[in-house]
Amino acid sequence: MRRYLGRKILIYILTFFLAVTIDWLIPRFMPGDPVQTMLSRGLLHAEGVEVMYGYYTRAFGLDVPIWQQYLNFWSALFHGDLGTSVYLFPQPVARVIMRAVPYDIFLLLPAILLSWFAGNKFGAFAARTKWLDNTILPIGYILTATPYMWLGILLAWAFGVVLGIFPIAGAYGFELRPHLSWTFIGSVLKHWFLPFASLFLVKFGGWAIGMRNMIIYELEADYSHYLEALGAPRKLVRKYAFRNAILPQITGLSLDLGVIVAGALVTEVVFSYPGIGYLILQAIQNQDYFLIQGCFLFIIIGVLLANFAIDIAYVIVDPRTRLGMMGETA
Amino acid sequence: MTNPKKKNEILYFALRNNKLRVGLTIIILFLVLTFVGPMLTDYAPYDYLNPKGAQPPSSEYWFGTTMFGQDVFTQFVHGLKATFLVGAIGGGLGTFIGILIGFTAGYRGGIIDELLNTLTNIVLVIPTLAILLIIAAYLTVRGILVESIFIGCTAWPWAARAIRAQTFSLRSRDFVDLARLSGMRAWKIIFTEIAPNMMSYLLLVFILQFGGAILIAATLDFIGLGPTNAVSLGLMMNNAVLWGALLLGIWWWFVPPGVAIMAIVGALYVTNVGLDEVFNPKLREM
């Protein structure tokens, strides 16, 4: 187990290292001058441009040798300094992002976990059940092929505009201030439901199909046939098949995190939900590069942490990893 | 080593497979529309045509017009072209890099495998969109080609991993040992002995990469980092949402691009499963 987790942690540390390096590299080696690009918008007179140019050059740390820029970048990072937001000047990027993160967790965690559990249960149930296979599976394919933002747009339009049941913008009513009361909690839940539902539905389709295919593979495996030949009840055979089929689904969950995060970003854009996705849209529209880079790092850190949590879950579910029998392949 | 009899058998099952038939039909329909569509309209995607602004579908403007009076149908067929291009180039490149790394790692083994595997695992963890996001944000001029190349360069890891595992299991077969004993070069062995045995698998990988590239491109376009000089389906949705098509009820602006992406990607997935059933007798329904 130690070997298995040790390998994983090494990969995560290397990934983080690479991500920070990319974050540092791209603004410096992309064609064009980032500071110039940033200033080409918005500022009016030449003096102002010159002052701002000096400020940003120093902020980027472009006036010292390149290796020192790199070290400075790391040291600033460990001090929690991600620069200053241009769009929300003079707030530090780290604080702007921290304000958005709770919304992301609130949206993503239930959507990921519930769709995974429900999808797997349902997929296992549908496998080799003829009428379910033929009716519900096409729906599953349609759902998993749907772009997140489009399902979000459709839900917002149908339930928000046409039926008028749910609000389609913000995280709580515009007339409310965050405080602890039933009205506020109700408003938060109401604003949360549609973005959650669009993330949930797309993912649900994907997991159900994956599980259905996995179960069919397992039911064709020798051990299943052997159990059947022994006269084991159908339910028991399926139970064993499920335990084996769930393992690739756990791996699948960690492989899929990036896609889900991307889905959450665009869903937030559709619903103007104040998480990181919405922040990124604002940052792009205002050419706020520090903010984009900060969001990038936060997404990476979040995905790495989630991956680690999934690895631990894998160790708990699969006894072979605990006994060190598959440190290589996993 | 495919003899004619086996080929006929595959064709036989391919023609009888409903999933394959439905999937391929949808894809071909959209491909035809992509080529024929631009000939059916006399407008350019961003021409301001209708002085009345947004109007529902009519005989003059088949899919209606946007808030600025642009023809939605024209944008749609040009956007389709962009979608297929991104899928083919991005998906193709992703598959190609995956094959290269997967074969090398799986066949060579040892330290090379260790290094490539670590690299694969690292790129696998980083969310593709996050990388594309900061690259695209710093590129002031973006084209569909550049977008596809970046998508291909970040989408390969799972393909590499899957191909590596397959190569690994084929590597120790007798016929590969025999080829090695006869003094064949490594690359020749890979391409003449191992690859032909994985052709069906590589095709499935390409189909999934194709669909994945389309979805990623749509996502990227939707947050405003798409091509700056062309139309795409994601960009249409982006414009529709930014200009309040939702609140104004201009549904004909945002429904067609989404339907197209969903149908194409869904058809690809269904084709994929159909092909899997054709190639793998265990999965055929009895």
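## Chain A at a glance

Chain A has 13 helices and zero strands, where helices (H or I, at least four residues) and strands (E, at least two) are DSSP runs, numbered from the N terminus. Going along the sequence, the pattern is simply α-α-α-α-α-α-α-α-α-α-α-α-α. The model is a predicted one, with local features needing pLDDT of at least 70 and side-chain atom pairs counting only at pLDDT 80 or more, while totals for chains, interfaces and linings use all residues. As for labels, residues are numbered from 1 along each chain as its sequence is written, and chains are lettered from A and ligands numbered from 1 in the order in which they are written.

The C-alpha trace of chain A spans about 85 × 55 × 40 Å along its principal axes. Of its 330 residues, 38% are buried. Here buried means 20 or more other C-beta atoms within 10 Å of the residue's own, exposed means 12 or fewer, and partly exposed is in between, with C-beta atoms placed from the backbone. Take the contacts in chain A between residues at least 6 apart in sequence: 72% of them join residues at least 24 apart. A contact is a pair of residues whose C-beta atoms, placed from the backbone, lie within 7 Å.

Helix α5 of chain A (residues 93-126) has 34 residues and reaches 47 Å from its first C-alpha to its last, close to the 50 Å expected. That expected span is 1.5 Å times one less than the number of residues. α5(A) bends by about 30 degrees at A:A100, with a proline, A:P102, following within four residues. The bend is the angle between axes fitted to the seven residues ending at a residue and the seven starting there. After α5(A) comes A:R128, with a positive phi near 60 degrees.

Helix α6 of chain A (residues 130-145) has 16 residues and reaches 23 Å, close to the 22 Å expected. The buried residues of α6(A) include A:L137, A:Y141 and A:L143. They pack against α5 and α8 (182-219) of chain A, together with α12 of chain B.

## Where the chains meet

The contact between the chains takes 50 residues from chain A and 42 residues from chain B. On the chain B side, the helices that each supply at least two residues include α9 (186-222) and α12 (251-279). That side divides into 32 nonpolar, nine polar and one charged; Ala, Val, Leu, Ile, Met, Phe, Trp, Tyr, Cys and Pro count as nonpolar, Asp, Glu, Lys and Arg as charged, and the others, Gly among them, as polar.

The largest nonpolar core has 160 residues, and A:C295 and B:L133 have the most contacts inside it. Its largest share, 16 residues, comes from α9(B). Such a core is a set of buried Ala, Val, Leu, Ile, Met, Phe, Trp, Tyr and Cys residues joined through C-beta atoms within 7 Å. Leaving out residues up to four places away in sequence, B:L133 touches A:I280, A:I292, A:F296 and B:L225.

## Two residues to look at

B:F73 lies in helix α3 (residues 72-108) of chain B. This residue counts as buried because it has 20 C-beta neighbours inside 10 Å. Beyond its neighbours within four places in sequence, B:F73 is in contact with B:T41, B:Y61, B:W62 and B:F63.

A:I185, in helix α8 of chain A, counts as exposed because it has 12 C-beta neighbours inside 10 Å. A:I185 and A:Y172 are 13 residues apart in sequence and 8.5 Å apart in space, C-alpha to C-alpha.

How values were computed
Contact = placed C-beta atoms within 7 Å.
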